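Visitor: Hi! Could you walk me through this one?
Guide: Happy to; here it is.

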Amino acid sequence: MKILATLARGSLIAYTGLFFAFIYIPLVLIAVYSFNANPINMMTWSGFTTEWYAQVLGFKTTISENALYLESTDQLLQAVWNSLRIAASTTAIATVLGTAIAIALYRFDFFGRRFYRVVMFMPMLMPDIVLGIALLIFFVNAGIGLGIGTIIIGQCTFLISYVFIVVSARLAGMDRTLENASADLGANEWTTFRKVVFPQLLPGIVGGALLAFIISMDDLVITYFIAGVDVTTLPMFIFAMLRRGIKPEINAIAVMMLTFSFVVASLGLYLRSRQK
Amino acid sequence: MSSLALRRRAQLAVLLGPVSLFLAVFFLGPLAIMIVTSFLAPGLYGGVEWTWYPHNYGRILGFADPMFEDFDPIYIAIFLRSLKIAALTVVAALVVCYPAAFCISRLSDRWKNFCLFLITLPFFTSLIVRLFVWVLILRQTGLVNEVLLTSGVIARLLDLIYTDGAIILGMVYVFIPFMFMPVYASVEKLDWTLVRASLDLGAGPVRTFLRIILPLTAPGIAGGAVIVFIPALGNFVVPAILGGAKVMMLGNLIEQQFLAARNWPFGSALAMMVMSVMLVLLFVYVVVSGRRGLDAAAGQ
């Protein structure tokens, strides 16, 4: 019986090892093969090169001199710039609105509170394609021209929910004795909020903002429907590249994006989970 | 009314006002317009005609407008196929996540948090990049074929990509955090003294699993199933990348209606089908597990 239990335990641990391997080995693979010199068969190793990165970043390489068709670095940079601009705006709007509603729902008791909670969860549960086409129909009917502005508005509808959830979690776990102490010591409501509540809330707000930023940068589906014809974001650019056919440059772009997401998301998750 | 109560009301209005306005106009409004559109007639050149036209649903469910076109069972077939693929995705994701949840729940706090961090992290990396990796692994000249061919296991290249299996694999890969978190939440709460009591009283491991462990972790399984099934059903990116042109799912069909065929009412009706499946699932879930379950699942 004891041997059996040990065996079961061992196989469970092995399974969990495989579980993490399943998640991370593909990502490691792409990082390794992004340095593969083979231009045709990307998964057959033929030597180390950094040319794909140089190519993507717009340096002159032997590839760019020999290739028949190149992905335009200018277009890529334009897409990156669009994504960054959009993410900066959506993060600002979603953070303010998400935090406001979190405070309202956690610190006030009012009629319709339950309804608001349901509405806040809806954009996250709804399949993104449904939200995307609903927004498309709305913007076209309302005569609002599709572009950066509509992308910002569209992404905010679900990013508010993400910020709301992160900040709510922080509010729910907050110790209220400090607030009471502050009030007892004669501080008015606004001072108490500024000096006691807000500093405690700040890591949650920053964490939520970072996660909103990264989700905005990565959003494909909703953006895809409401971007119009003139604006391309980074995920849309890669999606279009993939549909045209796979080239080694995509590897290099993918690895740079992964690195960026990992750094920002790690920071966001760290701030979200930090207790004090 | 006292001035304090008035002040609190004013504060509440400042906090709630802008969000309410924003979500009413840009979230609830568009949904309402989409619902209306799904009952309107498609115009000849891509527009919408303001007449009552339930036949958009008829094209899917079997009462198509005979003036316009015959009923084509292809749409209901795509719908059923999407349901099937989404269901298989749920089952596969559960098989992947469930045992790992048990293992991780028994770790020390430090390791536990680290593992949860590692599982959540991919959710915040680019969806398209994570799917692209699988294209490199699965395609004809991809890693799997390359390794199997050079090691002599297979004599000719396997068709791995552009299949239902590839779509399911891709969706499981991107939805792991959605399934893992609710399942883990209920596994972690599992009372192991009950398991020990069951074993002490003579129930075998299989019976203990079926009668004690499974029922106690069922809320998490149900929660994970719902929040994986919903995005899987309407997904269009995964089939577009890993399914190629061969495998059509609801998501691709909707995309096609909006960006290529320009039949917005029909596209809206298809989206409403996805929405109604979602609402039915959520309704069943809330009825079975109580309101608390929904909050827990949505809040992860």
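Guide: What follows is a short chat about contacts between and within the chains.
Guide: This is a predicted model, where local features need pLDDT of at least 70, side-chain atom pairs count only at pLDDT 80 or more, and totals for chains, interfaces and linings use all residues. Residues are numbered from 1 along each chain as its sequence is written, while chains are lettered from A and ligands numbered from 1 in the order in which they are written.

Visitor: How many residues does the contact take from chain A and from chain B?
Guide: Chain A gives 63 residues and chain B gives 65 residues, with contact meaning C-beta atoms, placed from the backbone, within 7 Å.

Visitor: And which helix has the largest share on the chain A side?
Guide: That is α1 (residues 2-33) of chain A, with 11 residues; helices are DSSP runs of H or I, at least four residues long, numbered from the N terminus.

Visitor: How do the axes of α1(A) and α3 of chain B cross?
Guide: The axes of α1(A) and α3 (residues 74-105) of chain B come within 9 Å and cross at roughly 120 degrees (lines fitted to C-alpha atoms over the stretch in contact, angles from 0 to 180 degrees between N-to-C directions). That makes α1(A) oblique to α3(B), the class left after under 35 degrees (roughly parallel), over 145 (roughly antiparallel) and 65 to 115 (roughly perpendicular).

Visitor: Which residues meet there?
Guide: On α1(A), they include L12(A), Y15(A) and F19(A), and on α3(B), V96(B), P99(B) and F102(B) are among them.

Visitor: New topic: how is chain A divided?
Guide: Chain A has domain 1 (2-66) and domain 2 (73-273), with bounds from an automatic or database domain assignment. Their centres, taken over C-alpha atoms, are 30 Å apart.

Visitor: How many residues are in contact between those domains?
Guide: 12 residues of domain 1 of chain A are in contact with 10 residues of domain 2 of chain A.

Methods:
Two residues are in contact if their C-beta atoms, placed from the backbone, lie within 7 Å. Helices (H or I, at least four residues) and strands (E, at least two) are DSSP runs, numbered from the N terminus.
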